[in-house]
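Reader: I would like a close look at a single part of this model. Please keep it plain and give the cut-offs.

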Amino acid sequence: MAMRRSRKLLVMVVLLEFTNGVWTLPAPGTVSMDSVNMRHVLRWTQPRASCNSTVLYSVQYQGEFELLIKNGSWINAPECQRIPLTSCDLTFDLGSDSNYSLRVRAQCGSKMSAWAKFLFNRNNITPPVPELRVTAAGDVLLVSVRKFPLTAVTMVTIWRKDKEQQTEDYSIPADQEVLQVAALQEAAVYCVKAKVVLNLGVQSGFTDSHCVSVTGPGAPAWKQAAAVTVTVVVMLGLLIGLFWSLVHCRPDSCQKYFQKEPLPSFLVGLQHFVL
């Protein structure tokens, strides 16, 4: 009986020592996802425990594919194994719109913490506001957008500045960056704002309003260019005609048109007086 008790005590001591050596390190705290411009960075805080060496962290993730097809396996984030940082960039690891389970644990020497878990879906984040550029060419409004992600649709709202309640909405597909709105009222000011919409209806906020004046009725951009072109052609034709006339002028005709007129008599006397 005494030997059995001694064995039990020995096993308990060994288990306690193993537990103290491996599982007594607290798990990382306050796990969160920092998503800006569709860049996903997992962050956490250092566990409140003393460590004689640098605390290292490892991150794993599990998507629906791993959960359903690969029997619940976890994937090591390749750039975030035994790192001293309290953040991990998972932008290229979380490539689908499915739900992901993320987890991170700490290690201090031979001590390891339990996993701290976090659930994430990139469709639940707010996309950034698109970059907007608005110009006018005649009675056409050109709206250029730069958005992220590139697969997002851009919704554009346009209105006349003096009729703010009468707006028109346009949709720019994911593979298009420029919207053309024609047949606008000349000499009027139009305003534009835009937002990004993801597949599940998640959307960004609106951009600031961008207002431009549509060219007046007397000077659309294409008419200005045409007027300049016609003027240049006409002047060039006149110069060519004058040059041709001078080159091909017959002597008797040239003498008739370019002969020197005699000076009046009083100017002839004045000329002799000066000389």
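Are Tyr61 and Tyr100 buried or exposed?

Author: Tyr61 and Tyr100 are both buried, where buried stands for under 20% relative accessible area, exposed for over 50% and partly exposed for the range in between (1.4 Å probe, protein chains only). The model is predicted, so local features need pLDDT of at least 70 and side-chain atom pairs count only at pLDDT 80 or more, while totals for chains, interfaces and linings use all residues. Residues are numbered from 1 along each chain as its sequence is written, and side-chain values use heavy atoms, without hydrogens and water.

The structure has 2 aromatic pairs (rings of Phe, Tyr and Trp, the last by its six-membered ring, with centres within 6.5 Å; planes under 30 degrees apart are stacked, over 60 edge-to-face, the rest tilted). One of them is Tyr61 with Tyr100, edge-to-face, at 6.4 Å centre to centre and 65° between the planes. This pair links distant parts of the chain: Tyr61 sits in strand β3 (residues 56-62) and Tyr100 in strand β6 (residues 100-108), 39 residues apart. Helices (H or I, at least four residues) and strands (E, at least two) are DSSP runs, numbered from the N terminus.

By contrast, Leu68 belongs to helix α2 (residues 64-68). Leu68 counts as exposed because its relative accessible area is 63%.

Elsewhere, 3 strands make an open antiparallel sheet in the order β9-β10-β13, pairing being at least two DSSP bridges between two strands. Its edge strands, β9 (131-137) and β13 (178-181), each pair on one side only. Between β9 and β10 (residues 140-146) there are 7 bridges, and Glu131 is opposite Arg146 of β10.
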